Amino acid sequence: MATIEECRSALDKLSDNMAGADGTVREAAALDRSLSCHITDLDITFVGRLKGGRIEVLDTLQGPPREKAQIRLAMAGDDLVAMVGGELNFAKAWGSGRVRLEAALLDLFRLRKLL
């Protein structure tokens, strides 16, 4: 099972990857939205913003998200680490229910370019 530190590191790496992207991926990451990532097996939530093509983690909370962010992710810590490491395909994980992504319909259309 991934640790809190490994999950935070994976989010930082994902942020770096998005910031270094170009073309349609960079355009999709350019949203300014509140964001939460609930790590289900650790029962913690990273909250922050997707802004300027980066993920800014502002806080780590115990339990599920207290407020409804505009973009909401939920998954096991191992799945987060595996996705960022390229070992788990996001679309397949989302399709099988291992990863949950909730957002407004227009945001989902933009975010699909990241996937």
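1. Of the 115 residues in the protein chain, 41% are buried, and since this is a predicted model, that figure, like those below, is a computed one.

2. As to overall dimensions, the C-alpha trace spans about 35 × 30 × 25 Å along its principal axes. The radius of gyration of the protein chain is 13 Å, which agrees with the value near 13 Å that a compact globule of 115 residues would have.

3. The protein chain contains five helices and five strands, and these follow one another along the sequence in the pattern α-α-β-β-β-β-α-α-β-α. Among contacts with a separation of 6 or more, 58% join residues 24 or more positions apart.

4. Threonine 45, in strand 2 (residues 44-51), deserves a look, because its relative accessible area of 0% makes it buried. A polar atom of the threonine 45 side chain lies 2.6 Å from the backbone oxygen of glycine 63. Beyond its neighbours within four places in sequence, threonine 45 is in contact with residues including Ser36, Cys37, His38, Asp59, Leu61 and Pro64.

5. One aromatic pair is counted: the ring centres of phenylalanine 90 and tryptophan 94 are 5.9 Å apart and their planes are at 40°, so the pair is tilted. The two residues are four apart in helix 4 (residues 90-96), and phenylalanine 90 and tryptophan 94 are therefore separated by about one helical turn. Phenylalanine 90 counts as buried at 13% relative accessibility, whereas tryptophan 94, at 36%, counts as partly exposed.

Technical notes: Residues are numbered from 1 along each chain as its sequence is written. This is a predicted model: local features need pLDDT of at least 70, side-chain atom pairs count only at pLDDT 80 or more; totals for chains, interfaces and linings use all residues. Side-chain values use heavy atoms; hydrogens and water are left out. Rings of Phe, Tyr and Trp (its six-membered ring) pair if their centres lie within 6.5 Å; planes under 30 degrees apart count as stacked, over 60 as edge-to-face and the rest as tilted. Buried means under 20% relative accessible area, exposed over 50%, partly exposed in between (1.4 Å probe, protein chains only). A polar contact is a pair of N or O atoms within 3.5 Å; within protein, one must be able to donate a hydrogen and the other to accept it, and residues adjacent in sequence count only if both atoms are side-chain atoms. Contact means heavy atoms within 4.5 Å. The radius of gyration is taken over C-alpha atoms; the globule rule is 2.2 Å times the number of residues to the power 0.38.
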